[in-house]
Amino acid sequence: MDRQAVTQTIRERMAAGILPRVIPPLTAPGRPTAPTGHINADTAIGVVTCAACDTRGAQVAYRFPDGRIVRFHGRCHRIWEDECRRVSLGIPVSTRPVDDDEG
Ligand SMILES: [Zn+2]
């Protein structure tokens, strides 16, 4: 899935409430964290599905205040962060460049 497709999917899922619109503290999969939450046992590092592009191999996990855990690839994570900032700043989608300007 290319960047534009991932970006579009992320936008749709944020609009639908599937993906959060705020950036929570980062949690690394497999690393011991505060006992307020944990990674579900039915998933494993390297085979978890990315919340943005629905393919396996997500490397970044976020745990949200409501206990939900969302995982992304590194690339998808950056796109989602960009979208969170855009939403939080109220920047219209149309002002975003359509070319891949971040590698
Ligand atoms: Zn992904």
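Visitor: How do you know that α1 has about the span expected of a helix with its number of residues?

Guide: α1 has 14 residues, and from its first C-alpha to its last it reaches 20 Å. The expected span is 1.5 Å times one less than the number of residues, and for α1 that gives 20 Å, close to what the helix reaches. Do keep in mind that this is a predicted model.

Visitor: Which residues of α1 are buried, and why are they said to be on the same side?

Guide: They are Val-6, Thr-7, Thr-9 and Ile-10. These residues cover an arc of only 165° around the axis, which puts them on the same side of α1. On the other side, Gln-4, Ala-5, Glu-12, Ala-15 and Ala-16 are exposed. The cover over the buried residues of α1 includes α2.

Visitor: Why are the buried residues of α2 said to line one face?

Guide: The residues in question are Cys-76, His-77, Ile-79, Trp-80 and Glu-83. Looking down the axis of α2, you find them within an arc of 160°, so they line one face of the helix. They pack against α1, β2 and β3. The face turned away from the buried side carries exposed residues, namely Gly-74, Arg-85, Ser-88 and Leu-89. Gly-90 follows α2, and its phi is positive, near 70°.

Visitor: Where do the two helices fall in the overall pattern?

Guide: The protein has two helices and three strands, and along the sequence the pattern reads α-β-β-β-α.

Visitor: What makes β2 and β3 a pair?

Guide: Two strands pair if DSSP finds at least two bridges between them. β2 and β3 have four bridges, in the antiparallel sense, and that meets the cut-off. For example, Val-60 has Phe-72 in β3 as its bridge partner, and Ala-61 stands opposite Arg-71 in β3. The hairpin of β2 and β3 has five residues between the strands, and there Gly-67 takes a positive phi near 95°.

Visitor: Which residues touch the most other members of the largest nonpolar core?

Guide: That core has 16 residues, and the ones touching the most other members are Cys-50, Ala-52, Phe-72, Cys-76 and Trp-80. The elements giving two or more residues to this core are α1 (3-16), β2 (60-63), β3 (69-72) and α2 (74-89). α2 gives the most, with three residues. As background, nonpolar side chains tend to be buried together in soluble globular proteins.

Visitor: What does Phe-72 touch, beyond residues up to four places away in sequence?

Guide: Phe-72 touches Cys-50, Ala-51, Ala-52, Ala-58, Val-60, His-77 and Trp-80. Take Ala-58: it is 14 residues from Phe-72 in sequence, yet the two are 4.8 Å apart in space, C-alpha to C-alpha.

Visitor: How much of the protein is buried?

Guide: Buried residues make up 21% of its 103 residues. Among contacts between residues at least 6 apart in sequence, 52% join residues at least 24 apart.

Terms used
Residues numbered from 1 in each chain as written. Predicted model: local features only at pLDDT ≥ 70, side-chain atom pairs only at ≥ 80, totals over all residues. Core = buried A, V, L, I, M, F, W, Y, C linked by C-beta atoms within 7 Å. Buried ≥ 20, exposed ≤ 12 C-beta atoms within 10 Å, placed from the backbone. Contact = placed C-beta atoms within 7 Å. Arc of directions from axis to C-beta.
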